Amino acid sequence: MSPITVVGSVNRDFVLTVKDLPHPGETVLARRFVEGVGGKGANQAVAAARLGSRVRLVARVGADADVILDALGSEGVDVDAVRSDGRTTTGIAAVVVDDAGENTIVVNPGANAELGVQDLPAQLVRSRGEIVLVQNEVPSEVVAAAVLRAGEQGGVVILNPAPARPIDMRVLAAVDVLVPNLGELASLLDTDRPTTVDEVRTLLERAALPCRAVVVTIGADGAVLKEAHSPHTTHVPAPTVDAVDTVGAGDTFCGALADALGRGVELPAAVERAVHAASYAATGLGAQTSMPYASQLDAPAVTSAP
């Protein structure tokens, strides 16, 4: 099993559940409040670690992050490459979730914005074939350097381009598996957001993205896979579940995908496992608290509706 290095963000998450999301100027009372560890980097690292992978996290936190680092360590995540920055605070995410599982999120990047190229280990990949997982919640120059360095060192590079922003084609060409959602795919292709599985398939079949493969996550509809060597796409449907909170489902998908690929699972089967892991995560409240362990995913705890 290949180890995984995650380059990304760490946040303190404040999650409030409400009946309906508030309109502008409206005040609503929360039914529940949960505080936890979040950020795409931390979330994806925990998702992979819970499934049994050896995971190293490269990130930056504030001087207030001792509890967060302890929590990540207790999940089995190696935090030796997480730098503490006494000049700022750890990133913060305020999340509001309604009864339908829809959410709004406001993020203050904090120390995440201070992560620099100099914080990247010289050896992102310690042996050929290791997985490097990167997202866009850290500065673009760090994302570019991590992707290019990992590619040069023989790693398998997964890029989750969230949140959406322009990405240099040279960087995309070094990506093995690109994992956008519908909005991020539309941004990358400079087109309207697709609304159906068929529209996603058509976009991917016509697109000229230089990655080895693109996996588009489409929520309750699962994911669509397009590999560069094939003109066709594959739709991987999701099992039907009672969604409670979709926060963290996408990060669970990425972590589970990295875990499966690190175990030598072929990409189509890895996408299927990631879809099931994300569906499981949507059945619980909070990002990391709802992520499955391998035993739960293999039970399986998530089953298709009859």
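Which helices and strands each supply at least two residues of the lining of the largest pocket? They are β2 (11-17), α1 (40-50), β7, β8, α5 (182-189), α7 (249-262) and α8 (267-281). A few notes before the close-ups: this is a predicted model, with local features needing pLDDT of at least 70 and side-chain atom pairs counting only at pLDDT 80 or more, while totals for chains, interfaces and linings use all residues. Residues are numbered from 1 along each chain as its sequence is written, and side-chain values use heavy atoms, with hydrogens and water left out.

**View 1. The largest pocket has a volume of about 1300 Å³.** Its lining runs to 47 residues, and N103, N181, T246, A249 and G250 lie nearest the centre. α7 gives the most, with five residues. Sorted by class, the lining has 24 nonpolar, 16 polar and seven charged residues. (Ala, Val, Leu, Ile, Met, Phe, Trp, Tyr, Cys and Pro count as nonpolar, Asp, Glu, Lys and Arg as charged, and the others, Gly among them, as polar.) Rolling a probe the size of a water molecule over the atoms shows where empty space is left. Here the search uses a 1 Å grid over the protein atoms alone: a pocket is an open set of points where a 1.4 Å probe fits, with protein on both sides within 12 Å along at least five of seven lines, and lining residues have an atom within 4 Å of a point. Grid points are joined across faces, edges and corners, and the volume is the space filled by probe spheres set on the points. Helices (H or I, at least four residues) and strands (E, at least two) are DSSP runs, numbered from the N terminus.

**View 2. The second largest pocket has a volume of about 180 Å³.** Its lining is made of 14 residues, with E35, G36, V37, Q288 and T289 nearest the centre. The elements giving two or more residues to this lining are β2, β3 (32-38) and α2 (66-74). β3 gives the most, with four. By class, the count is five nonpolar, five polar and four charged.

**View 3. N11 and N112 meet side chain to side chain through a polar contact of 2.9 Å.** (A polar contact is a pair of N or O atoms within 3.5 Å; within protein, one must be able to donate a hydrogen and the other to accept it, and residues adjacent in sequence count only if both atoms are side-chain atoms.) N11 sits in strand β2, while N112 belongs to the loop between β8 and β9. N11 counts as buried because its relative accessibility is 2%, and N112 counts as buried at 2% too. (Buried means under 20% relative accessible area, exposed over 50%, partly exposed in between, with a 1.4 Å probe and protein chains only.) The N112 side chain also reaches the backbone oxygen of P109, at 3.0 Å. Leaving aside neighbours within four places in sequence, the contacts of N11 include G36, V37, I68 and E137; those of N112 include S9, R60, E137 and P139. (Contact means heavy atoms within 4.5 Å.)

**View 4. Helix α3 (residues 140-152) shows its packed side.** With 13 residues, α3 reaches 18 Å from its first C-alpha to its last, close to the 18 Å expected at 1.5 Å a residue. (That expected span is 1.5 Å times one less than the number of residues.) V142, V143, A145, A146, V147, L148 and A150 are its buried residues, and they pack against β1 (4-7), β9 (131-135), β10 (156-160) and α4 (169-173). After the helix comes G154, with a positive phi near 90°.

View 5. At the start of α5, a side-chain oxygen of N181 comes to within 3.1 Å of the backbone nitrogen of G183. The buried residues of α5 are L182, E184, L185 and A186; these pack against β10, α6 (197-206) and β12. D190 follows the helix, its phi positive and near 50°. T217 lies in β12 (residues 213-217) and counts as buried because its relative accessibility is 17%. Not counting residues up to four places away in sequence, T217 touches V179, P180, N181, L182, G222, A223 and F253.

**View 6. E102 sits in the loop between β7 (91-97) and β8 (103-108).** Neighbours within four places in sequence aside, E102 is in contact with L21, V96 and V97. A243 is 141 residues away from E102 in sequence, yet their C-alpha atoms are 9.4 Å apart in space.
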